[in-house]
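The notes follow the order in which I looked them up.

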Amino acid sequence: MVTSLFWFLSLLYKSNNSYFSTRSSSSPQFPLGRRAACDIYWHGVSFHDNENIVSGQVNKFPGMVEMLRKINLSRAMRTMQELFPEEYDFYPRSWILPEEYQQFSAQIRMVKERDTTVSPTFIVKPDGGSQGDGIYLIRDPSDLKLMVGAQPKQAVVQEYIHKPLLIDKLKFDIRLYVLIKSLEPLEIYIAKEGLTRFCTEPYQEPTQKNLSHVFMHLTNYSLNVHSGNFVHSDSQSTGSKRTLSSVLYRLAAKGVDIKRVWSDIIALVIKSVIAVVPELKLHYQADIPPGKPGPTCFQILGFDILLMKNLKPVLLEVNSNPSMRIEHEQEVAPGVSEYVPSPVDEHVKVGVIRDTLRLMDPFNKKPTVNMISHSTQPLL
Ligand code: ADP
């Protein structure tokens, strides 16, 4: 078993993708050339990538992709905000389009009428979008793009956090990796090391003029990598992508109480998971009803978190398939690009996958890991 796990890790490391079945159930990859029962199955996208698994563990929960889409996550957060407004104030106010267009317009009109000097900004995110695709900022409901051709566009429109914490005058966000080891009992592991992704244009609070400056407002790597200012760095504490620990050290050196920041982040993660657990359990029971042979599930999630200027963490989104790429494209000669290792990605992501495998290894009773555990019962 140990060798198969190590092999599994090295395969994952090289292909940075998946283990047995990958993107579609019609084209599974079986490196051994046969379908042998496994202790761990590593799917590329969703639980259903490889059907008919009756034992072992799968790295995806049924329903997770759907639950974490922007609209569904916003609905789950809203439900919790209605029940526990103070506990769930880490999620920005959001409206679902097209169905809540009228409420959104009416509320903004009311705010503006009450105080003519305020002009709040909103960020619009297409429901199935990722990597900043299709995202734009608006200051008036009339600027919403409500249709794609003849179809109404499904999206979330959200209060824009206009006072983020800046480092080197740049906006940045945190990518935190979280392992859901089990739903019942709920066991959550939070990786101690994460990534921070920096904008490439100095931040200014939104104005009508700068709304379209994506390098100033959006922290996505996939967007900023195209800016002439993007810095690929070998160091973990400089450049456009840095480790979370390097950023926390820097804040600590300025006198910030980073223990407090970290405990607020942990609370945000746990509360967010709690918000989606009831529906996840329904999906689980539908796909693997009690008594039916099936695998158990675990999943690595990518939490995107923004720190506000007052150091309060805000949840932006939760990614059900966080990228595990450990290299980036680089132009090695004019017009010739190559994939080269990215030390900061490698440092963080290899650690996350290694610890996940240690935690999920059924024979490893006392794994040593660099993750913090949170559980409804004593662990390990
Ligand atoms: P995507 O899945 O397309 O990356 P996100 O929700 O992560 O969508 O948003 C993309 C980027 O936009 C974030 O990384 C962040 O920089 C910025 N962003 C998203 N929501 C907000 C918000 N409410 N306030 C301020 N900035 C935001």
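The entries below concern a predicted model and begin with the strand.

**Entry 1: strand S11.** I looked up the cover of strand S11, residues 187–191, and found that five of its five residues are buried. I then separated the two faces. Glu187, Tyr189 and Ala191 lie on one side, Ile188 and Ile190 on the other, and all of them are buried.

**Entry 2: the partner strand.** I next checked the pairing of S11. Strand S10, residues 170–182, runs antiparallel to S11 and is joined to it by four bridges. For Ile180 I noted Ile188 as the bridge partner in S11.

**Entry 3: the ligand.** I listed the 23 residues around the ligand, of which Lys125, Gly132, Thr219, Asn220 and Glu317 come nearest. By class, this shell has eight nonpolar, eight polar and seven charged residues.

I then read off polar distances. A ligand nitrogen atom lies 3.0 Å from a polar side-chain atom of Gln158, and a polar backbone atom of Ile161 is 2.8 Å from a nitrogen atom of the ligand. For Glu317, I recorded 2.6 Å between a side-chain N or O atom and a ligand oxygen atom.

On its own the ligand has 540 Å² of accessible area, and the protein covers 99% of it. Strands S4 (122–126), S8 (155–159), S10, S15 (299–307) and S16 (313–319) are the elements that each give two or more residues to the shell.

Notes. Residues numbered from 1 in each chain as written. Predicted model: local features only at pLDDT ≥ 70, side-chain atom pairs only at ≥ 80, totals over all residues. Heavy atoms only, no water. Buried < 20%, exposed > 50% of the residue type's maximum accessible area, 1.4 Å probe, protein only. Pairing = 2+ DSSP bridges. Near = heavy atom within 4 Å. Polar contact = N/O pair within 3.5 Å; in protein donor to acceptor, adjacent residues only side chain to side chain. Areas by Shrake-Rupley, 256 points an atom, 1.4 Å probe, with all protein chains shown as cover. Nonpolar A, V, L, I, M, F, W, Y, C, P; charged D, E, K, R; others polar.
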